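Please keep the sequence and the structure in view while reading.

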Amino acid sequence: MLEHDHKLSEAARALCRQFDLDLPAYLEGENKPTVLAHARECSYCSLVLADLEQIRFVSRHLPLEEPPVRVWANIRATLADEGILHEQVPAWHRWFNRLPLVSESVPVGALAGLAILALTLLNSPKGLESPGTLDALSGNQQVVTAGMMSADFDSNITRTLKEMEEAYVGRESSMEPTVKETYRRSLDCLDANIAECLKHCRRDPHDALARQYLSRAYQSKAEVLTSALEFDRP
Amino acid sequence: MEEGPTAVYNRRVDFEIGQTAKRLFLRVALIAVAPTCLLMAAGPGRLEKTLDTTGDPQITLSNLRGQVAVRGWVKNQVHVICVTASPRVEVDVDALPRTGQVERIQLATHVLDPLVTGNDETADCTLDVPVGASLEVRNRQGAVLVEKLQGQHAWIESADGRISATDVAGHLTARSLGGDIEFTRPTGRADAYTITGNIRLLDSGSKNLRANTNSGKITYQGDFIPAGEYVLSTYSGDIEVICPPSASFELNAKTVKGKLENTFSLTHKRHSPSPFHSANSLFGTYNTGNATVELTSFSGKIRVRPQP
């Protein structure tokens with residue numbers, strides 16, 4: 001009798017194992033009648049199937065969550081490293097192709113602004129000769145105001161950075177004091193870098209390396225703010 | 001005037017009712033408060049789990065606060081030990097697929113009680129993983145130590161914790177705001193990025209190494225790999241490169257307003273411009289110039305010297 005029970009349970013286990021093997025294909029839409037047949041006989045597998053069906057049903061109605069930008073950057077870098085990806089399309093085309101991947105309007109705006117800023121800083125030193133423009137580009141919150149923006153630069157840059165800072169300040173109060181302190185120290189450091197770069201560029205607008213540093217400081221600031229806005233996201 | 005027996009009886013009854021009410025109140029209070037007290041008095045939580053995996057699983061760990069250590073081992077298993085400071089902090093382990101060898105593991109700590117803050121959020125995690133594992137660690141506060149990994153990539157991020165990676169062969173990326181970063185013997189592509197932390201790069205075997213810090217210092221100690229590309233950059237921090245006298249590299253050092261100090265005797269490479277040295281820049285070749293070394297700072301001092 002015991003031997004019979006044991007054989008039965010072994011047979012049942014084999015059916016469960018087959019159910020497990022067939023399940024992914026069934027859920028993908030393949031015709032697997034054994035899955036349903038087994039689920040009708042085995043209460044455990046029936047529950048598993050019901051759970052998965054429920055998850056599938058609910059997940060269909062969930063909004064699509066985009067992975068962080070760094071995931072795409074990593075994939076791209078890996079593909080490029082392996083020689084699978086060859087950059088052939090123009091940079092502006094790639095940029096616009098990537099835009100739909102990013103769900104946050106503030107970081108997108110900031111990156112777009114920073115791209116314009118980087119190009120402007122690297123290619124047209126004359127644009128930095130106007131003191132008003134330099135002041136407008138300063139990272140200090142008190143200084144960055146749309147009204148001070150020179151016509152040479154699109155106000156999107158300052159607006160998006162300002163929006164990011166405002167969003168960050170709004171979130172800062174809910175941050176853990178030590179985390180807040182770390183972010184604040186980093187932002188203060190970058191603001192000081194930006195101010196020093198701007199001062200230097202005003203004196204020597206043809207210094208390409210200084211312009212690179214200025215561009216990088218803005219980029220870093222946008223990245224730190226993006227990270228701060230993403231960090232405590234539930 | 002003396003009280004009558006009725007008054008004494010009534011007073012006695014009142015007293016008994018009062019005592020009963022008090023006892024009842026105490027019991028109710030005890031029942032209501034006890035679970036909370038027990039929960040608060042409970043010691044640290046501990047999770048220990050072993051999972052059979054493929055040789056190259058993808059492991060993701062998201063932690064709020066605490067120390068994280070990940071070490072590669074030869075087994076196709078992941079062994080996790082997480083100790084939480086409070087029982088109101090939970091570590092979730094999600095493994096896929098549910099049956100057979102696990103390909104993806106996601107570990108995440110989260111607080112069960114929104115009132116839990118500060119040190120109570122702490123979860124110290126130690127992971128032994130297959131050497132071929134790929135890793136993504138986000139540790140908001142606290143140090144991260146990674147050792148002996150050969151997987152495709154290891155991504156480590158911390159707001160202010162120290163990041164230390166030793167003998168990592170895949171694409172290694174470390175990002176921090178205020179924490180120091182130390183790479184020892186990386187052999188794959190390596191990127192270190194911090195705002196105020198220091199960066200130490202020791203005995204690198206990487207052919208593609210990039211490091212950037214704003215106010216921290218960068219120290220590179222070791223030889224360069226032929227055809228390797230090394231890009232080190234700071235804003236106000238110093239850069240110090242210490243390599244053996246047998247090293248072979250082409251140096252391109254630039255600073256906006258910092259100082260340059262080089263004790264190697266640079267020459268010009270054939271078909272290339274002659275070595276150039278000004279107050280702010282230094283170009284030249286040492287030995288056959290197999291590797292490319294690019295050093296830049298805004299106001300930090302750049303120093304290149306041979307190992308004693």
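## Terms and a buried histidine

A residue is called buried if 20 or more other C-beta atoms lie within 10 Å of its own, exposed if 12 or fewer do, and partly exposed in between, the C-beta atoms being placed from the backbone. The model is predicted, and for this reason local features need pLDDT of at least 70 and side-chain atom pairs count only at pLDDT 80 or more, whereas totals for chains, interfaces and linings use all residues. Residues are numbered from 1 along each chain as its sequence is written, while chains are lettered from A and ligands numbered from 1 in the order in which they are written.

A:His200 counts as buried because 21 other C-beta atoms lie within 10 Å. This histidine belongs to helix α9 of chain A, residues 177-203, where helices (H or I, at least four residues) and strands (E, at least two) are DSSP runs numbered from the N terminus. Once neighbours within four places in sequence are left aside, A:His200 is in contact with A:Asp207, A:Ala210 and B:Val256, a contact being two residues whose C-beta atoms, placed from the backbone, lie within 7 Å. The C-alpha atoms of A:His200 and A:Leu214 are 9.7 Å apart in space, the two residues being 14 apart in sequence.

## Chain B and its side towards chain A

Chain B has 308 residues, of which 41% count as buried, and its secondary structure consists of one helix and 24 strands. Among its contacts between residues at least 6 apart in sequence, 49% join residues at least 24 apart.

Between the chains, 20 residues of chain B are in contact with 22 residues of chain A. On the chain B side that touches chain A, ten residues are polar, six nonpolar and four charged; here Ala, Val, Leu, Ile, Met, Phe, Trp, Tyr, Cys and Pro count as nonpolar, Asp, Glu, Lys and Arg as charged, and the others, Gly among them, as polar.

## Nonpolar cores

A nonpolar core is a set of buried Ala, Val, Leu, Ile, Met, Phe, Trp, Tyr and Cys residues joined through C-beta atoms within 7 Å. The largest such core has 61 residues, and those with the most contacts inside it are B:Leu135, B:Val146, B:Ala154, B:Ile156 and B:Ala165. Strand β6 of chain B (residues 123-130) gives the most to this core, with four residues. A second, separate core of 27 residues includes A:Tyr183, A:Leu187, A:Val224 and B:Phe298.

Leaving aside neighbours within four places in sequence, B:Val146 is in contact with B:Val70, B:Leu135, B:Ala154, B:Ile156, B:Ala165 and B:Val168.

Two strands are said to pair if DSSP finds at least two bridges between them. Strand β12 of chain B (residues 181-184) pairs with β14(B) in the parallel sense over four bridges, and B:Ile181 has B:Ile199 as its bridge partner. Strand β16 of chain B (residues 218-221) also runs parallel to β14(B), joined by four bridges, with B:Gln221 as the bridge partner of B:Leu202.

## A one-sided helix in chain A

Helix α2 of chain A (residues 33-41) has A:Val35, A:His38 and A:Ala39 as its buried residues. Seen down the axis of α2(A), these fall within an arc of 105°, so they line one face of the helix; the arc is that of the directions from the helix axis to the C-beta atoms. The face turned away from the buried side carries the exposed residues A:Pro33, A:Leu36, A:Ala37, A:Arg40 and A:Glu41.

## Backbone exceptions

Most residues other than glycine have a negative phi, and most peptide bonds are trans. The peptide bond from B:Leu96 to B:Pro97 is cis, with omega near -5°, and B:Pro97 lies in the loop between β4 (89-96) and β5 (102-111) of chain B.

Phi is positive at B:Lys148, near 55°, a residue of strand β8 (residues 144-149) of chain B that is partly exposed, with 18 other C-beta atoms within 10 Å. Phi is also positive at B:Asp203, near 45°; this aspartate, in the loop between β14 and β15 (208-213) of chain B, is exposed, with 12 other C-beta atoms within 10 Å.
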